[in-house]
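Please keep the sequence and the structure in view while reading.

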Amino acid sequence: MGTLVSSDRTMLRRASKVGRKFSNPVPTVIGGLGTIFKLLPHYLTNKAETAPPRLLGPFSTDVSIYAKAPESGLRVTWMGHSSLLVEIDGVRLLIDPMWDERASPTRWAGPKRFFAPTMRLEDLPPVDVVLVSHDHYDHLGEASIRGLAGLESMRSAKWVTSLGVGKVLQQFGVEAARITEIDWTESLTIGGLEITAVPTRHFSGRSLFNRFQTLWSAFVLKGPKHTVYFGADSGWWEGFAEIGATYGPFDLTMLEIGAFDALWDGIHLGPDGAARAFEALGGRGLMMPIHWGLFDLALHAWRQPITKIVELADERGTKLWAPEPGRPTDVVGGVEVRSDWWR
């Protein structure tokens with residue numbers, strides 16, 4: 001699989017645990033049942049258009065494009081939310097694959113997709129790595145993992161994830177021998193691509209009763225010619241600056257902008273936090289908004305994250321990279337991509 005290495009820096013260190021539970025890199029309060037009761041009145045009175053009035057799209061991926069390597073050496077297909085197909089310096093990764101109809105433990109209730117998958121799982125090109133950041137339902141869908149695990153085209157893929165998440169993948173059909181779990185600051189090299197897990201301020205768990213028992217991570221993807229930061233889920237914390245100084249500069253910085261609220265700003269960035277994090281990470285290259293546009297996971301209007309980040313980018317001179325769902329798009333240094341599909 002490769003050789004694991006680790007480092008120990010001021011804020012960038014391996015994850016710590018208290019008993020069976022992993023800890024955040026900085027003190028963080030995660031709401032429980034009390035937060036749910038606080039939110040309930042807001043949900044009942046909320047008048048924001050939290051979901052489109054009808055299904056969006058359809059969006060369709062031209063899979064024939066994958067027969068040819070990207071001219072720039074870096075090509076990304078955004079499937080919506082945080083699901084991505086990343087082709088970087090000859091290595092193809094599928095990140096946080098989410099083809100499930102709902103981001104939920106059940107198939108009959110819970111946040112439902114705003115648009116259908118842009119391609120069938122069976123039509124995915126062969127990938128070298130499936131990268132799973134953490135075990136939340138909007139990042140790790142059971143049907144998606146079971147489907148991928150059963151595909152002949154995926155037999156040679158390696159699965160890389162955070163500590164403890166491998167057990168969930170095994171439950172859904174992934175062979176243990178194909179899974180590598182890595183801790184914060186550990187790196188794994190596959191096909192010349194160095195994949196490093198870095199701390200993020202979030203949490204884990206697929207129920208109220210197993211929170212924090214698996215790890216959550218962001219990842220740095222460093223190839224011979226390109227470096228990408230996949231931020232996964234995180235609230236603001238001072239470690240962004242050290243991540244940027246240690247592993248950057250980044251050609252493409254992927255940061256979450258959706259599913260945020262003042263009640264949980266310690267675990268989600270939102271547009272303002274993403275703009276701040278981008279600058280802390282070095283403020284160079286292109287910023288890609290992720291974690292939006294597919295599920296109703298908060299009280300804000302579904303378009304609000306993208307409209308706000310566009311406004312902030314224009315104010316700050318940030319170059320945005322935001323293609324429409326399902327379109328394989330080359331990343332070219334300094335060249336913005338701004339699709340208005342959401343309008």
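Does E87 count as buried or exposed, and what is its relative accessibility? In this predicted model, E87 counts as buried because its relative accessibility is 5%, and the cut-off behind that step is that buried means under 20% relative accessible area.

**Salt bridges around E87**

The side chain of E87 takes part in a salt bridge with R75, in which the closest N and O atoms are 2.7 Å apart. Since R75 belongs to strand β3 (residues 74–80) and E87 to strand β4 (residues 83–88), the pair ties together parts that are 12 residues apart in sequence. R75 also counts as buried, because its relative accessibility is 4%. E87 meets a further partner, R92, in a salt bridge with an N to O distance of 3.1 Å, and both E87 and R92 are buried.

Another salt bridge has a setting of its own: R155 pairs with E152, and here the closest N and O atoms are 3.8 Å apart. R155 is partly exposed, with a relative accessible area of 40%, while E152 counts as exposed at 63% relative accessibility. For the protein, the count comes to 14 salt bridges, and the table sets out the pairs named here.

| Salt bridge | N to O distance |
|---|---|
| R75 and E87 | 2.7 Å |
| E87 and R92 | 3.1 Å |
| R155 and E152 | 3.8 Å |

**A glycine in a loop**

G266 is found in the loop between β13 (252–256) and α5 (270–280), and because its relative accessibility is 14%, G266 counts as buried. Leaving aside residues up to four places away in sequence, G266 touches T28, R201 and G235.

**Helix α4 and its packing**

Helix α4 covers residues 239–247, and its buried residues are G239, F240, E242, I243, G244 and Y247. These buried residues of α4 pack against the strands β10 (193–198), β11 (218–222) and β12 (227–230), and also against helix α5.

**The protein as a whole**

The protein has 6 helices and 17 strands, and 56% of its 343 residues count as buried. If attention is limited to contacts between residues at least 6 apart in sequence, 70% of them join residues at least 24 apart.

What does the radius of gyration say about the overall form? A compact globule of 343 residues would have a radius of gyration near 20 Å, and the protein has 19 Å, which agrees. Along the principal axes, the C-alpha atoms fill a box of roughly 50 × 45 × 40 Å.

The accessible surface of the protein comes to about 14500 Å², and 52% of this area belongs to carbon and sulfur atoms. As for charge, the protein carries 36 positive and 38 negative side chains, with the centres of the two sets lying 3 Å apart.

Key. Residues numbered from 1 in each chain as written. Predicted model: local features only at pLDDT ≥ 70, side-chain atom pairs only at ≥ 80, totals over all residues. Heavy atoms only, no water. Helix = DSSP H or I, 4+ residues; strand = E, 2+ residues; numbered from the N terminus. Rg over C-alpha atoms; globule rule 2.2 N^0.38 Å. Buried < 20%, exposed > 50% of the residue type's maximum accessible area, 1.4 Å probe, protein only. Contact = heavy atoms within 4.5 Å. Areas by Shrake-Rupley, 256 points an atom, 1.4 Å probe, with all protein chains shown as cover. Lys, Arg positive; Asp, Glu negative; His and termini not counted. Charge placed at Lys NZ, Arg CZ, Asp CG, Glu CD. Salt bridge = Lys/Arg side-chain N within 4 Å of Asp/Glu carboxyl O.
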